[in-house]
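Here is my notebook from a slow walk through one structure. Keep the viewer open and follow along with me.

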Amino acid sequence: MLGVDTKTAVAELDDRAGLQKALAGAKRVFVVTGHNPKSAEQQINVIEAAKAGGAEYIVKVSGGRDVIGPNVESVNGQAHYQIEEHLKKTGLQWCILSPGLFMQNIMGQAASIKNDGKIVQPWPKDLPVALIDVRDTGALGARVLREPGKHNGKLYTFTGVSTTFAEFAKTIGEVIGKPITYVEVTLEQAEAAMKSRNMPDWLVAHLVSIARAGHKGAFSHENTQPIQEIVGRAPITARQFAQDFKGAFS
């Protein structure tokens, strides 16, 4: 999970002792894990193992500010809150990255785009959404890691340029050379469809809660300034994303 000079060390997120061995000697650590019900425990394991191994600076990728808190609907939003609060009390230097909704989430619709020419989601087609490419999050994180003193104690919220899911679908269609229809379904329809595919209850609840928050504008506010100022360029556009991942959609 970590490259140190030319060495690579691997450890399980549930194994704090193994993590400590893997992270030994790492002074700056970038923390990001996939969503799961144990993410709070796992990321705290990483932070504590890094601290025990001599780390001085932690950069954590968190979630949107409107879906993080001790009592939010999503277990992942609760986890981000717990991890952030734990990190702030460690005595380590830290920086928290709070990106917008990831463009890469649309990859879950790749088969539907390719086979049916459709994107089906419980988001209003004309609702502004300030999407961000995960590569911009990585680029920002890399710059922050280089200058711990400059970014210590900062929380950066950032997005790409605001669009809509209908426009996103249109852009993907233009890039792959066939029209893509955006189909808006209700939250209830989306929940039933996910459950019919035997998705875990926690994941269904998380995705529904994110969409519900999105309906209220949680992911509509555009803020490209951190990417422009810290990374030194404009955020990756929806069109560039579609071009880069064209093979997944066609």
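Which residue stands opposite Tyr57 in strand 4? I looked it up, and Arg28 is the residue opposite Tyr57. A reminder to myself before going on: this is a predicted model.

**Entry 1: the sheet**

I stayed with that pair of strands.

Is strand 4 largely enclosed or left open? I went through residues 57-61 and found 5 of the 5 buried, so strand 4 is largely enclosed by the rest of the structure. Next I checked which way its residues point. Tyr57, Val59 and Val61 point one way, while Ile58 and Lys60 point the other way. I marked all of these as buried, on either side.

I then followed helix 2 (residues 39-52) to helix 3 (residues 75-88). Their axes come within 8 Å and cross at roughly 20°. An angle under 35 degrees counts as roughly parallel, and helix 2 and helix 3 are therefore roughly parallel to each other. I noted the crossing of helix 2 past helix 3 as right-handed. On the helix 2 side, the contact is made by Ser39, Ala40, Gln43, Ile44, Ile47 and Glu48. On the helix 3 side I listed Asn76, Ala79, Gln82, Ile83, His86 and Leu87. Sorted by type, the residues of this contact between helix 2 and helix 3 are 6 nonpolar, 5 polar and 1 charged.

**Entry 2: helix 8 and helix 9**

I wanted another helix pair to set beside that one. Helix 8 (residues 187-196) and helix 9 (residues 201-215) have axes that come within 10 Å and cross at roughly 160°. That makes helix 8 roughly antiparallel to helix 9. Helix 8 passes helix 9 in a right-handed crossing.

Which residues of helix 8 meet helix 9? I found Leu187, Glu191, Met194 and Lys195. Their partners in helix 9 are Val204, Leu207, Val208, Ala211, Arg212 and His215. The residues of this contact between helix 8 and helix 9 divide into 6 nonpolar, 1 polar and 3 charged.

Between helix 8 and helix 9 there is a loop, and I stopped at Asn198 in it. Asn198 is not a glycine, yet it has a positive phi of about 60°. Its relative accessible area is 70%, so I put Asn198 down as exposed.

Ile106 came up in the loop between strand 5 (93-99) and helix 4 (110-116). Is Ile106 buried or exposed? With a relative accessible area of 2%, Ile106 is buried. Leaving out residues up to four places away in sequence, Ile106 touches Ile119, Gln121, Phe168, Ile172, Phe241 and Phe249. I also checked Ile106 against Ala169: they are 63 residues apart along the chain, and their C-alpha atoms are separated by 9.6 Å.

Asp136 was my next stop, in helix 5 (residues 134-146). Asp136 has a relative accessible area of 0% and is buried. Not counting residues up to four places away in sequence, Asp136 touches Ile227, Arg233, Pro235 and Ile236.

I finished with Asp15, found in the loop between strand 2 (7-9) and helix 1 (16-23). Asp15 is partly exposed, with a relative accessible area of 35%. From Asp15 to Gln42 I counted 27 residues in sequence and 8.5 Å in space, C-alpha to C-alpha.

Terms used: Residues numbered from 1 in each chain as written. Predicted model: local features only at pLDDT ≥ 70, side-chain atom pairs only at ≥ 80, totals over all residues. Heavy atoms only, no water. Axes fitted to C-alpha atoms, helices over the stretch in contact; angles between N-to-C directions. Helix = DSSP H or I, 4+ residues; strand = E, 2+ residues; numbered from the N terminus. Parallel < 35°, antiparallel > 145°, perpendicular 65-115°, else oblique. Left-handed = near helix turned anticlockwise from the far one by under 90°. Contact = heavy atoms within 4.5 Å. Nonpolar A, V, L, I, M, F, W, Y, C, P; charged D, E, K, R; others polar. Buried < 20%, exposed > 50% of the residue type's maximum accessible area, 1.4 Å probe, protein only. Pairing = 2+ DSSP bridges.
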